[in-house]
Amino acid sequence: MGLDKLAIHGGKKAVPDGLAVIQWPPITRDDEEAVLAVLRRGILSGTDAPETSAWEKEWADYCGVKYCLATNSGTAALHMAVAAAGVEPGDEVITTAFSWTSTGTCILHHGGIPVFVDIDPATYNIDVTKIEAAFSPKTKAILPVHLYGQMADMEPIMAIAERHGLKVIEDACQAHGAVYKNQKAGSVGHIGCFSTQNSKHVACGEGGIFVTNDRALYDAAARVQQFGENRQENGKRLYNAYGMGWMYRSQELVSAFCRSQFRRLPEYIGILRQNCNYLTENLSGIKGLQTPYVLPGCEPVWWDYKVRVIPEKLGLNINPREFALRVAEALKAEGVSLSRWEFVIPNMTLFQQKRGFGKGFPWSFPGARKISYDVSQYPEAMAAIQTLIGVGCIKPPNGLELMKCYVAAFRKVFDSIDKIF
Ligand SMILES: Cc1ncc(COP(=O)(O)O)c(C=O)c1O
């Protein structure tokens, strides 16, 4: 115990150099052929273009929903969802305080006002027990995020939405293929949104996906996606704007790349589960370290693997952030690839200063409620951001060989925890 010299003190690294593969996504010969086929075909875009239409059908089938629109980002899909949910200036949308920027800004994009709710400290997803208190007569929708690839507790969320006549928009940008009580991410709420940006489980560079079972929501979202135009069954365009629209369409090269990668998604999810379950089994006994909690009925897809450091458990009287930074430094020296990702959205300058569109909009909209973004309302999110450490390179082709070295590195550092200061 504690005999190995730590790498921060010149000892041998627990993870050999070159073992971790950083490149994501893997790009195969099939991917190259799929993209080349588009170039050879010469059709690069269009509402009824073959690759995008096929991709939308395949993704809808995978999620178990009727309608799908491929977009040019997850943020675009979220904005379309907020608009389709009927959010108008001054309306409110309840969402989690702990996510990526555009979980909050997609609400502003349509003149809506985000009302942030603190997180459950076990899952890091929205605390469902606090949603009802955030509700007001102005609330139009709830926007839960499936953070790190684990779905939010959807049953109580859907029950609250039904009680108040709200739409539920799943931000499943990190949760391709995740399952909650036998239902796939994107199929439980009224709308689901995914990102296919470079770090995601289907990663085409930049892209997104909107899904729903509701024809009216699909039609409304399609108008926002394409210049305010109604989407015709026959793919023909009438070039009339029926409402506010942007240009959020996908295009053939990325759709072909997504389709090709999608064939490997089940295999990728299998490897991610094997890697992350191995980490949890082997790290959970380490005192002072909290491994991810999986909600019963949830089958996460592990977009990220987070451990939390708890210095009090080790009898250490040290600032938790300081401790997390020291641990991270020691692990990094051992060769563990680390990721840092978290954001407390209301703590961002945009929200603290309510900059928005200028002239105080949307918060200044006549009749809008006064919403505070005082961070004392989000103690669990603020605590999580201080103490979470992300373990990187968990995605394939990385496998158990690397995970075993990671476990050795964690054990080595925690066995000599008094020597990292
Ligand atoms: C939770 C979450 N929501 C929304 C987005 C936005 O997706 P995109 O970058 O494709 O616009 C991301 C991307 O990282 C995300 O992680």
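The model is predicted. A search of the whole structure returns zero disulfides and 20 aromatic pairs. Strand β9, residues 208-212, is mostly covered, and strands β1 and β8 are both joined to β9 by bridges.

**Cysteines**

- The whole structure contains zero disulfides. C63 accordingly belongs to none, and the nearest cysteine sulfur, that of C68, lies 7.2 Å away.
- C63 counts as buried because its relative accessibility is 4%.
- For C258, the closest cysteine sulfur is that of C204, at 3.7 Å, which is too far for a bond. The cut-off that decides this is 2.5 Å between the two sulfur atoms.
- C258 is buried as well, with a relative accessible area of 2%.

- Five of the five residues of β9 are buried.
- Burial extends to both faces of the strand: G208, F210 and T212 lie on one side, I209 and V211 lie on the other, and all are buried. In a regular strand, side chains alternate between the two faces of the sheet.
- Strand β1, residues 67-71, runs antiparallel to β9 and is joined to it by five bridges. Within this pairing, Y67 has T212 of β9 as its bridge partner.
- Strand β8, residues 191-195, is also antiparallel to β9, again with five bridges. Here G192 stands opposite V211.
- T212 and V211, the β9 residues named in these two pairings, belong to opposite faces of the strand, and both are buried.

**Aromatic contacts**

- A pair of aromatic rings is described by the distance of the centres and the angle of the planes.
- W59 and Y62 are separated by about one helical turn, because they are three residues apart in helix α2, residues 50-63.
- Both W59 and Y62 are buried.
- These two residues belong to one aromatic cluster, formed by W55, W59, Y62, F194 and F262.

**Charges over rings**

- K184 lies over the face of Y62, at 3.9 Å from the ring centre.
- K395 lies over the face of W24, at 5.5 Å from the ring centre.

Terms used. Residues numbered from 1 in each chain as written. Predicted model: local features only at pLDDT ≥ 70, side-chain atom pairs only at ≥ 80, totals over all residues. Heavy atoms only, no water. Buried < 20%, exposed > 50% of the residue type's maximum accessible area, 1.4 Å probe, protein only. Helix = DSSP H or I, 4+ residues; strand = E, 2+ residues; numbered from the N terminus. Pairing = 2+ DSSP bridges. Phe/Tyr/Trp six-rings, centres within 6.5 Å; stacked < 30°, edge-to-face > 60°. Lys NZ or Arg CZ within 6 Å of the ring centre and 35° of its normal.
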